[in-house]
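Trainee: I would like to go through this structure by question and answer. Where do we start?

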There are 2 protein chains.
Amino acid sequence: MNNKLLVIGTMAYDAIETPFGKTGRILGGCATYIGLAASQFKTQCGLVSVIGDDFEKAHLDLLIGKGLDLSGVHSIPGEKTFFWSGKYNNDLNSRTTLETQLNVLTKFEPVVPEHFKNASILLLGNLDPNLQIKVLNQMEKKPNLVVLDTMNFWIESYREKLNEVIAKVDLISINDEEARQITETHSLVKAAKKLMAMGPNYVIIKKGENGALLFDKDKIFCAPALPLEEVFDPTGAGDSFIGGFVGHLSQCGRISFEEMKAATIVGSAMASFTVQNFGTKSLEKLTIPSIKERIVAFKSLTEFEI
Amino acid sequence: MNNKLLVIGTMAYDAIETPFGKTGRILGGCATYIGLAASQFKTQCGLVSVIGDDFEKAHLDLLIGKGLDLSGVHSIPGEKTFFWSGKYNNDLNSRTTLETQLNVLTKFEPVVPEHFKNASILLLGNLDPNLQIKVLNQMEKKPNLVVLDTMNFWIESYREKLNEVIAKVDLISINDEEARQITETHSLVKAAKKLMAMGPNYVIIKKGENGALLFDKDKIFCAPALPLEEVFDPTGAGDSFIGGFVGHLSQCGRISFEEMKAATIVGSAMASFTVQNFGTKSLEKLTIPSIKERIVAFKSLTEFEI
């Protein structure tokens with residue numbers, strides 16, 4: 001497999017309110033978080049996304065500076081970038097959307113750049129399943145790994161199309177409540193089995209501060225979340241997780257359950273950085289030594305001798 | 001340290017309703033679950049408890065057959081054993097108490113048998129903190145490890161006395177909601193620090209299907225719960241956990257954070273057995289090979305290479 005990683009998702013501006021403070025209009029969007037997380041690894045990562053002409057040059061420069069390939073990012077003149085604002089409740093476990101301006105998203109026609117049509121890993125970030133399918137269909141051959149990330153909105157309103165995407169991917173990554181919602185079952189072990197019966201060979205169930213579970217047909221791996229004194233802003237945690245996950249797999253060049261276990265820890269490490277500051281602030285400043293140090297923390301958090 | 005483990009707690013009859021069925025009057029009580037779990041280890045385990053004359057000989061024989069020392073179990077003639085009945089909701093995460101008959105509990109005057117006054121480990125099971133203190137005061141010297149298990153009822157109604165107990169123990173074991181309730185803080189890392197500031201050197205926060213966290217002043221260990229297809233009956237899971245925890249420590253004869261990590265896994269294994277059947281059924285039939293096999297399952301659930 002080559003080390004090309006293609007990501008489709010949103011690039012956006014967010015305004016976030018948590019019990020710890022309030023931001024102005026800051027950089028956001030799942031493709032942004034995924035790209036920033038994946039850029040920490042030796043991978044050729046391309047984003048397919050859409051922006052308006054209000055998207056700041058400084059933000060494009062930031063992403064390009066991280067080595068991300070933005071040739072699949074389409075700018076629509078006279079239109080504004082997707083905007084979302086939300087407010088987290090006191091325990092940070094739930095949030096209320098204050099405002100959603102779809103803007104350019106309504107005109108998004110994803111086009112995969114020629115040099116990414118042979119990418120070994122394709123990550124379909126949280127987005128309209130119709131757009132996810134369009135990207136999948138543009139690949140010249142089936143990638144070694146197709147990963148799907150989705151959320152409750154698409155489960156509720158685009159279920160049929162979403163099922164079609166689920167049937168075509170190798171791995172689905174969703175949170176616990178969404179896994180229960182799709183499969184109409186409470187046990188996460190049963191939910192994972194039902195999801196695998198719908199198509200994917202692998203399932204990741206994200207449990208927020210309780211970590212993540214990775215399943216294949218026979219095995220389960222359980223990654224903790226790093227216990228933190230303060231979770232500052234959970235926005236982008238799931239995206240950073242899956243970005244770190246595919247970044248690690250792309251770098252190591254092997255798709256196996258054993259490598260996915262490591263990738264799940266790497267993803268959890270990336271998520272733990274993201275939640276320690278507003279928006280993409282932590283990811284922007286991340287260094288390889290700090291990632292290595294955090295992975296050591298995950299080791300000592302789970303290792304035991306009997 | 002010697003291998004004596006002293007446990008104070010209830011011996012009871014329960015009637016339990018879960019989405020999977022309904023029991024008649026079955027054996028229950030925290031000392032029962034703790035004793036059955038601890039009896040799997042090379043330890044001399046004594047129970048301090050109280051029963052009525054309705055307590056069945058078959059149940060006493062069961063506990064004695066497991067090697068438990070019942071010389072601290074006081075039977076009150078003409079009185080009935082503590083009885084609790086409850087019903088779990090569909091996701092098994094909450095329960096409603098249908099009936100509580102305190103019966104003999106109102107007359108419980110715990111007496112520590114002479115040969116257990118030098119026990120190396122004392123486990124104060126979930127019970128009135130006034131009774132927990134009385135047992136602690138009867139020990140001839142401070143045990144190597146005093147463990148406290150408690151729950152929301154005592155936090156709400158006996159707070160002052162509970163604080164007195166907390167100040168005197170080495171380790172407190174409570175669930176996540178109770179940790180938040182006692183410390184009035186949401187972050188479990190902060191909650192653990194606040195609990196340690198109240199006295200104990202170690203804190204265990206139980207998170208049900210999300211595993212358990214073990215803290216000392218500098219370190220954190222994260223034990224997963226075994227992901228199960230069916231959780232049949234959660235009654236006694238926390239007691240089995242702490243029973244396995246102290247059973248392991250008593251057998252290995254060392255009190256350290258490293259041994260407590262192993263003990264946390266052993267406790268999680270015992271809890272995973274308990275929830276797979278009604279009441280004490282799983283614990284009664286447990287064998288050493290099945291415990292070893294399950295600990296291997298916990299290893300493979302958490303081990304990774306990066």
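Mentor: We start with a definition: a crossing is left-handed if the near helix is turned anticlockwise from the far one by less than a right angle, and right-handed if clockwise. Keep in mind that this is a predicted model.

Trainee: In which hand does H6(B) pass H7(B)?

Mentor: The two helices span residues 176-183 and residues 188-197 of chain B. For H6(B) passing H7(B), the crossing is left-handed.

Trainee: Are H6(B) and H7(B) parallel, perpendicular or oblique to each other?

Mentor: Their axes lie 9 Å apart, and the packing angle is about 60 degrees. Roughly perpendicular begins at 65 degrees, and roughly parallel needs an angle under 35. H6(B) and H7(B) are therefore oblique.

Trainee: Which residues in H7(B) does H6(B) meet?

Mentor: From H6(B), the contact involves Asp176(B), Ala179(B), Arg180(B), Ile182(B) and Thr183(B). By class, the contact has five nonpolar, one polar and three charged residues. The partners in H7(B) are Leu188(B), Ala191(B), Lys194(B) and Leu195(B).

Trainee: Which residues touch the most other members of the largest nonpolar core?

Mentor: That core has 191 residues. Leu124(A) touches, among others, Ile8(A), Val135(A), Val146(A) and Val169(A). The residues asked for are Leu124(A) and Leu124(B).

Trainee: How many residues of chain A are in contact with chain B?

Mentor: Elements giving two or more residues to this side of chain A include helix H7, strand E14 and helix H9. The residues on this side divide into 15 nonpolar, four polar and seven charged. Chain B contributes 26 residues to the contact, and the number for chain A is 26.

How values were computed. Residues are numbered from 1 along each chain as its sequence is written. Chains are lettered from A and ligands numbered from 1 in the order in which they are written. This is a predicted model: local features need pLDDT of at least 70, side-chain atom pairs count only at pLDDT 80 or more; totals for chains, interfaces and linings use all residues. Axes are lines fitted to C-alpha atoms, for helices over the stretch in contact, and angles run from 0 to 180 degrees between N-to-C directions. Helices (H or I, at least four residues) and strands (E, at least two) are DSSP runs, numbered from the N terminus. Angles under 35 degrees count as roughly parallel, over 145 as roughly antiparallel, 65 to 115 as roughly perpendicular and the rest as oblique. Two residues are in contact if their C-beta atoms, placed from the backbone, lie within 7 Å. Ala, Val, Leu, Ile, Met, Phe, Trp, Tyr, Cys and Pro count as nonpolar, Asp, Glu, Lys and Arg as charged, and the others, Gly among them, as polar. A nonpolar core is a set of buried Ala, Val, Leu, Ile, Met, Phe, Trp, Tyr and Cys residues joined through C-beta atoms within 7 Å. A residue is buried if 20 or more other C-beta atoms lie within 10 Å of its own, exposed if 12 or fewer, and partly exposed in between; C-beta atoms are placed from the backbone. Lists of a residue's contacts leave out its neighbours within four places in sequence.
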